[in-house]
Amino acid sequence: MVTDKMLAVHFDQPGGPEVLCLKEVARPSPAEGEVLLEVAASALNRADLIQRQGQYAPPPGASNILGLEASGHVAELGPGCRGPWKIGDPAMALLPGGGQAQYVTVPEGLLMPVPEGLTLTEAAAIPEAWLTAFQLLHCVGGVKEGETVLIHAGTGGVGTAAIQLTRLFKAIPLVTTSPKEKIEMAKRLGAETGFDYKKEDFSEEALKTTQGVGVNVILDCIGGSYWEKNINCLAADGRWVLYGLMGGEDVRGPLLSKLLWKRASLRASLLRLRDRKKLFTLPV
């Protein structure tokens with residue numbers, strides 16, 4: 001039975017994990033074209049951590065409850081729903097927020113069937129990381145068969161998804177991570193090789209691996225502190241895809257002239273801030 005209250009992860013002020021608590025809040029009701037999902041599991045993403053720290057506000061109109069993805073069962077259909085969903089169906093969802101609660105409303109276009117063989121707990125970790133990796137590689141980066149892709153933070157959620165998708169696109173994934181054990185894990189997932197960014201210059205190693213040609217695409221969640229090394233190992237006509245700023249936002253130096261010299265492009269993307277209608281029509 002669906003009630004008008006639910007429990008949700010809550011915090012009154014920014015801070016570390018200690019500010020989090022469970023709080024009873026109003027249960028959302030599905031609006032036009034939305035589905036109410038009874039949550040079985042939700043994943044934790046870096047965006048949740050920096051939102052909790054007060055550094056990443058949810059987009060306008062989104063829930064301020066943490067959680068960018070979830071899995072569970074359909075509990076209620078809002079007016080105007082035209083999809084195949086029925087009450088009780090298992091599903092996973094990409095969310096602008098709200099997943100870390102007992103219930104969350106989801107535009108029906110962002111609700112997906114759980115792949116066969118996955119538990120609901122496993123399915124909760126699929127939408128944000130895998131759709132981010134897909135849109136970075138395919139929709140933004142335009143990865144082609146035979147190209148080389150350098151994936152920073154290669155053993156994170158997006159990184160591990162990107163390794164496998166790069167192989168699916170018949171391209172060659174390289175990763176940066178640390179320590180050596182994580183590089184071996186990345187190789188088991190399909191990475192051609194990996195570079196320990198704490199002990200070696202990944203830029204020079206990437207050039208050696210590509211016989212001096214450079215990498216065709218870089219998936220970069222680091223930003224400012226990596227700009228020189230990125231541009232150094234980027235191939236002519238390469239695409240540098242920026243989707244995070246873990247290494248800072250400031251760039252000091254001749255970035256534009258170096259991009260121009262290589263005929264390279266710098267492309268930026270954030271999945272959470274995409275317009276819903278445009279998100280439904282991402283090219284595949």
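## Covered strands

Buried means under 20% relative accessible area, exposed means over 50%, and partly exposed is in between, using a 1.4 Å probe and protein chains only. With that in hand, take a look at strand β11, residues 215-220: six of its six residues are buried. Helices (H or I, at least four residues) and strands (E, at least two) are DSSP runs, numbered from the N terminus.

## What kind of model this is

This is a predicted model, where local features need pLDDT of at least 70, side-chain atom pairs count only at pLDDT 80 or more, and totals for chains, interfaces and linings use all residues. Residues are numbered from 1 along each chain as its sequence is written, and side-chain values use heavy atoms, with hydrogens and water left out.

The pLDDT is the predictor's confidence in each residue, from 0 to 100. For this protein the mean is 91, and 94% of the residues reach 70 or more. Confidence is highest in strand β8 (residues 148-151), at a mean of 98, and lowest in helix α9 (residues 276-280), at 52. Over residues 280-284 the pLDDT is below 50, and beyond near neighbours in sequence this stretch has eleven contacts in the model. Contact here means heavy atoms within 4.5 Å.

## The parallel strands

Two strands pair if DSSP finds at least two bridges between them. So who pairs with β11? Strand β8 runs parallel to β11, joined by three bridges, with isoleucine 151 opposite leucine 219. Strand β12 (residues 234-242) also pairs with β11 in the parallel sense, over five bridges, and there valine 217 stands opposite arginine 239.

β8 has another partner too: strand β9 (residues 172-177), parallel over four bridges. Isoleucine 151 shows up again here, opposite valine 175. In a regular strand the side chains alternate between the two faces of the sheet. In β8, Thr148 and Leu150 point one way, Val149 and Ile151 point the other way, and all are buried.

## The antiparallel sheet

Five strands form an open sheet with antiparallel pairing, in the order β6-β3-β4-β5-β7. At the edges sit β6 (103-107) and β7 (111-112), each pairing on one side only. Inside the sheet, β3 (residues 34-42) and β4 (residues 69-77) share seven bridges, and serine 42 has alanine 70 as its bridge partner in β4.

Helix α3 (residues 127-140) lies across β4, β5 (90-94) and β7, at about 55° to β5. Axes are lines fitted to C-alpha atoms, for helices over the stretch in contact, and angles run from 0 to 180 degrees between N-to-C directions.

A nonpolar core is a set of buried Ala, Val, Leu, Ile, Met, Phe, Trp, Tyr and Cys residues joined through side-chain atoms within 4.5 Å. The largest one has 40 residues, and Leu137, Val149, Leu150, Val215, Leu219 and Cys233 have the most contacts inside it. Helix α4 (residues 157-168) gives the most to this core, with five residues. A second, separate core of 17 residues includes Val39, Trp85, Met92 and Leu111.

α4 also meets helix α5 (residues 180-189): their axes come within 9 Å and cross at roughly 35°. Thr160, Ile163 and Gln164 of α4 meet Met185, Ala186 and Leu189 of α5.

Asparagine 45 is found in the loop between β3 and α1 (46-52). Is asparagine 45 buried or exposed? Asparagine 45 is buried, because its relative accessible area is 15%. Leaving aside neighbours within four places in sequence, asparagine 45 is in contact with Leu68, Glu69 and Glu128.
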